[in-house]
Each structure stands twice: as C-alpha cells, then as structure tokens.
Amino acid sequence: MEIKRYPQVGEVLYKETLANGLIVYYLPKPDFNKTYGLFTTNFGSLDTTFVPRGQTDMRTFPEGIAHFLEHKLFEKEDGDAMTFFSNLGASSNAFTSFTRTSYLFSTRENIDPNVALLLDFVQDPYFTQASVEKEQGIITQEIQMYQDDADFRLFFGLLQNLYPDSALSSDIAGTPQSIREISAEDLYDNYRTFYHPANMTLFLTGPFDVTSLSALVHQNQADKKFDTISEIERAPFVSGKQIRSNEITFDVTIPKLALGFRGYNKLPSDDAVRFEYKLAIQVMLTMILGNTSSQYETLYNQGLIDDSFGFDFEVTPHYQFASMTSDTLYPTKLAKILRETLKSYKIESDFNLAHLEIIKKEMLGDYYKALNSLEFIANQFSSNLFEGVTFFDFPTILSDLTLEKIEHHADHFIAEMISTDFSMMPKI
Amino acid sequence: MKIKNGVNLHIIKEKKFKTVQFLIRFRTKMSRDTVAKRVLISNLWETSNEQLPTSQQFQKKLSGMYGASFATSLSKKGDNHFLTIGMSVVNPKFVASDTITEAITLIHQALFRPLVDEYGFDEATFDREKKNLLQYLASTREDKAYVAATKLTALFFTDKDMATPSISTVDLLAKETRESVYEYYQKMLQTDTIDISILGDLTLSEEQAIIAQFSKLPFTDRVPLANILYKQDRASICQEATEKEAVNQSILQLGYRHAVTFGDENYLTMQVLNGILGGFSHAKLFTTVREKESLAYYANSRFDSFTGFLKISAGIDAADHDKALKLIKSQVAALVAGDISDSELNQTKNMLRNAYFIALDSPTNLIEQAYIKTLLPDRYLAQAEWLQRLADVTKEDVVKLAATLTLQSVYFMEGDALGD
C-alpha cells in the first residue's frame, strides 16, 4: 500500500493496485458521517469501435451503448441493485461521460456490505433480451428530456461543429433510433471488454478503517475469476474537419452563442507537464475573460454578455478544445471580439503578473471549497488523464505557475488552434 | 444570540469543513408588492457598492480574498419571502489571511453602503441590472421543468401572493424604478427579520471577533416576524390545465394538499409516506411508472411541510398521458388501500435515517437545521426524538395519513408524441 500525505490540504491518501489490476484509493475522513464509493471503468460514449475481448476484428456498436450498459447493470436476476442498496440504507447511482462510466453509493450504515455490493453488482452482469427492450422506453425519455434543454443542445451543437462525424458529437445516451439496435449480446461483448479490473478504479472515502476495508476488497476480488490482463484495442479517435460556422433556430428568447477553439498541437507526454498545460490555458482564459478582467466588464456593461457567459478548456488524450458560451443579442459581434481577444491574449491589459496572483488566490480558494465535497474528490481521482499527478498536487502546481510558463503553453495551443462558432436563434 | 430585536446571530462550530460559511437572511411576508423589489436588491448587492463601484472591482476583491464567494438568492418558505446573502471563505488557517474579518467588512459594505445617489440606486447600474433581470425572467420559459412547476403552483394556491414565484415575474419587475427600490430598501433594512449564521472550524478568538464585529454593524431594533407556516383550506374542485408546447418530452405534474406541518405529530409519517410514494428509487412511482411500465425516466414526489403541498412529477411521452395519470393516481390509491409491504416500510425508514445523517456533512444543511431550531423552537425535533419518531411510524399511520391527501391541481405540458 502506498501512503501519501498532503499536509498542505490536511489529507492522507492510500493507494494500492491489486493482482487483477484494479487500482484502489482510500481517503479516510474520520469527521464525516458519509462513506462514498465510486467504481469507475475507463469506458465511455466515445468507445463504440474496438476489438471485443476474445475476438480479432474491430466492430462498431450503436451509439449510446456505454450508457445503456450502465442502466442495465443495475438489473440482476433476483431484483434491482438499487433496491439492494436501499435495503442496506444506502443510495446508489451511476453516470456515463465521453470516456468513463462510474457507479456509486453513499451511506452511513453497513459500510462493508455496501462496498462488497458495489463490487459485486458491477462485476456480475445479467442481461436478457426482454429487459433490454424494456429499458429502451426509459432511456428514450431520458434522451428526450435533454433534447428540450437549450444549453445542452448548444454544447452538442458546438461539439458537432468542432468534431463532426465523431462519437464526440453524439449524445452520450445515443438516439431513440440507435438504442433500439442494441442487443443483450452486444452488451455482453462490451462488458467483457471494458469491465476488466485492470481497466477500472475504485475510490473509497469516509470514516472507515483503511486496513480492514482493504482486507475486504482483497478478499472480494480474490474470490472472483477474471480473464488475464490484456490491452484493449480501441479504434483511434477520428473526426472530420471542423465546420467553421453554423446556426439553428430553437425555442429561446434571445440568441445563444457558442464559440470553440479546437487544438491540433501535440500534448505534453509527461503527466505533470500535461496537468500544468491544462491549468495554464485555464488560467490564461480567466485572466483575459474572467469576471475580474476589463474585457468582461466592458462586454457586460455594453450588454454584449450577461451572467450566462462562461468558458472552459477540455483536455483528454483524444481531443482538446476551449469553449466560450453566452446568451447574447449580438452573436456575430461577440464572436469576433472573443476571437480577437484570445488570439492577442498577450497584449490584453489583464495579462500581467498582478492579475495572475489574484487569479491564483481565487483558484486556490475554490480548490479548498471543492475539498468539502467527497463526491468531487472521488471524481477527480477517477479520471485517468494524469496518472502521475493527483488532485492533491494542485496547490503546488498552481503556485509554481509563472507568466512565462503560461505563455509557453498558450502559444503552443493558439498557434495550431482553429475556431468555430455555433448559434441558436429564436424562432420568429 | 440577539444583536438587536429581530436581528439574530447564530454561530455554529464545526471542524470538518475547510471553509467558513456566512448566511445573512432577510425575511418578510411573501407579497406581490415587494417581491420584484427584493429580486432587484439581490442583484444589486452582488454587483457593486460604494467602496467597490464596478463589478470588476467587486470581483477582484473576492478573488483576492482567496476566491471568496458572494452570492445572493431568493426563496419562499411557508408564506415568507427570503432574501439571502451567502458567503463562503477559506478557513484562515489554510491561507494565513484574515478571511473572516474581510468577509464581514464586505457584508457591511453591501448592506449599509450601497452605490446610490440622492435619488436612489446608481442609475446606470440599476438600469443594466433591471434589463438583465427582465431578460433572465423572460428566458425562464426555456426551462420546461421550471415552467411546469410554476404553473402547478399557480393552480394549487388560491392566494395570489403564494402563487407568485420567489424570483417574481416580468410584469412585476417592469414597474420598478431606482427610486422605488431604494425607498423600499431603507424600509426593508429596518423592518425585515434578520438572521446571520456563521459555520466553520472557528477558534475562540475568531468567534469573539465575529460577535464583536457584527454587534458593531448599524442594525436597529424591529418587531420579529413570528408566523411562517401556511395552511390552505381543502378545495372541492381540482384545478386542471393542459398547455401545448413544442417540446420532445411532456411533463405531467399533480399537486396534492396535505395537513402536515413541520414538526407536528404526523411529520415523520409524512416523510415515510412520501418516501414510499416517490421519494426514493425503491418507491412506488419509480418502480411502476419507470421500471415496470417504461413510461418515464423520472417519476417522483416531494412535499413541503410549511405549506401543505405535495407534488408529483413525471416526464413522459404525450401519447402516454392517460396511462401515466391513471398509474400515478393508482399509486396514491394503493397507499390508502394499505398496499404497503414490510420491506417498503423498512427500506424507506433506513433511507430516511441515512439521509438524515449524511445531510450532517453539508454546511448548508447544518445552518438550515440550526436556523429552524430558532425559528420554530417548539417544533424542532432533536436528533434522538427525530430518530425515535421515525422508528415509531407504522403502516397504519401511513395509510391513515394517505387518506387525507386531496388532489387539488393537475398540470400537463403537452409536447409532440414520438412517432412510431
């Protein structure tokens, strides 16, 4: 067992890798009532083309299959896993992203049986054709609910422009049509490939004793049989050329603009540098466009943006893009200003050392606030982008960030990036 | 402790969080005459004040205080309207900076030194914030779940003030001017009941400093607002409305009247009833409407013990309206008929007990609990009593209570049916 102490944030983290490849984290929180467990597989909506375990050829599965599998894993031969958790006084849930599927519970009582249940229900699939068909109605309603959400549609409209003809531009849950094509056999093929312990992470946090809980996890895994560890062959992420500009009409009161910048440069290979890269671009965007910047103040006072304005920078091994979104009466004008601001970030009045220090303080404070949430911490640890660096290293990496480092990374991103915009116009 | 008549300070010492939370609540009767004014005040508070006249200066101040957050909000509880400032700062021990005193200074500036001139709130700031708010209120129609909830509430409550959203409406807001809002603001500062709560891992000297600093603020005595619980008579007619919308998913909502008030003898029975009906994933609505019939992704219920309102919601396909409505009503009827298994009852109690303890890990909930304790001291249930009353709830209690539920409103937002 590896033990890492983080005195700066007052946390101690335990990590071990089991013989079957499963990585387990334990974060004791003696003052808390809640124990939270998150069991994650490195498998999301992007993984639709791969070589199923035991086969030799690439196959493509219907969109939304990872999310469908997430729903179906709760169904067991003798009932519903959510009900088993309820019997133990725990609440449970699951969620699927582009790259991950996570199962979780939170409880105060029966910690050991709940941890065992989390492992057992995820590691014991039971799919039948009849139950697969029944789930289609439920997931169709889930898809339809999001289709009525303007901001959701805006984000996917942007992704469709940034990465056309790729799994990234599709709803994580698929479409009412695609999920009708999913069979029980498909689910088993996906399950066997991606739910191997070597492709998974378990994160446990709460007021428990690490040694005894670790013994339970070891025993639970030793009692089960798994295939030998083998590399999963996934089709490389491919996408068409970005679409420069596009708009749709939708039931909105004022137009919505989404601006995207797709990065084409190679990511730093070192984990720590990659973490620094992501942070550097985020900090740069905050300096020139955050609510402490002159640009934000000007745009706000001129009525070009309102409180809905936001920006983000996404980095995964497959893709990287910056995005900016806002409700605005002047989408064309706003897009032009934002593009120019980003390209000339270095000459922006807010790109200076004093402002950097303020942003650093703000980010450090936000970080401490986030540490109040066990769910947030668990999610951070279960993302596999930065294996060598953890969430608890954040204060150090932030404090080491200089204007020079930011420029180095930002220049790298901006030199290769290509922009796109997507607008949503009110129906007349 | 009492700072002035009607102005209370609550300090809650709690070790497990890395932040110190501040909550300043202004409370008055819910009224269509004042709700829009209060919404504007909430926006002005977080935009600027005399010391920090631009929002950029305001935001830089917050960032420099290690990302302190300063957020205002509006809500209803019973027949009261709450206007709240929430601040959260990193505990000084992590950042070697007196974030607590800085937060109190900022609260002082926001409350007592707003950006005004001889006529009222600063004109440019007021006009901009009013325009943004009008735009925001107009755009709430994009949030279909919010629209459905607002419509159901309006159908349910006979009292116009109670039926009004806590964030007001476009019509109410349009009438306000910088003069009218400022005039009201001065009155509000002097007459609203105010509760200030602070929660965190505080040292004794920090606690004393907090008391001293808040005692120095220029609050005046006022008559505290005593009532909060609202009760509506049972109506003989159920109000129903169906409205067509261009949506993919239709929303069906039902409003039932119940006679339970916070902390009364049926309070825990109501918790159990709601849990069995639609509060959890093992509940009747979830297992029938979703799991068995595949009609919905969500189907749930929630109740309010300050107004006697129980709401059921489900997102369905338009073609399934009749089937879903019948199924939902039959789940309520099942409770009345005593169709409750031992495992349903026990699971629900287990979940409620766990949820009670898990909520103690949330700063917001801890503040809420302490607040209700001062608000309704006779009705507040201490932990042991709460747990005992929960354990004592029987199937018969639930059945008896279920029989008193009366359907008072049904709202259906009808979208397109999915073509097969």
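Biologist: Leaving aside neighbours within four places in sequence, with which residues is A:Asp186 in contact?

Modeller: This is a predicted model, in which local features need pLDDT of at least 70, side-chain atom pairs count only at pLDDT 80 or more, and totals for chains, interfaces and linings use all residues. Residues are numbered from 1 along each chain as its sequence is written, and side-chain values use heavy atoms, with hydrogens and water left out. Contact means heavy atoms within 4.5 Å. Beyond its neighbours within four places in sequence, A:Asp186 is in contact with A:Arg59, A:Phe61, A:Pro62, A:Ile65 and A:Glu181.

Biologist: Is A:Asp186 buried or exposed?

Modeller: Buried means under 20% relative accessible area, exposed over 50%, and partly exposed in between (1.4 Å probe, protein chains only). The relative accessible area of A:Asp186 is 10%, so this residue is buried.

Biologist: In which helix is the place of A:Asp186?

Modeller: Helices (H or I, at least four residues) and strands (E, at least two) are DSSP runs, numbered from the N terminus. Chain A has 15 helices and 16 strands. The run of residues 184-194 holds A:Asp186, and this is helix H7.

Biologist: What percentage of the residues of chain A count as buried?

Modeller: The count is taken over the 428 residues of chain A. The buried share is 60%.

Biologist: Among contacts in chain A between residues at least 6 apart in sequence, what percentage join residues at least 24 apart?

Modeller: The contacts considered are those in chain A between residues at least 6 apart in sequence. Of these, the share that joins residues at least 24 apart is 79%.

Technical notes:
Chains lettered and ligands numbered in written order.
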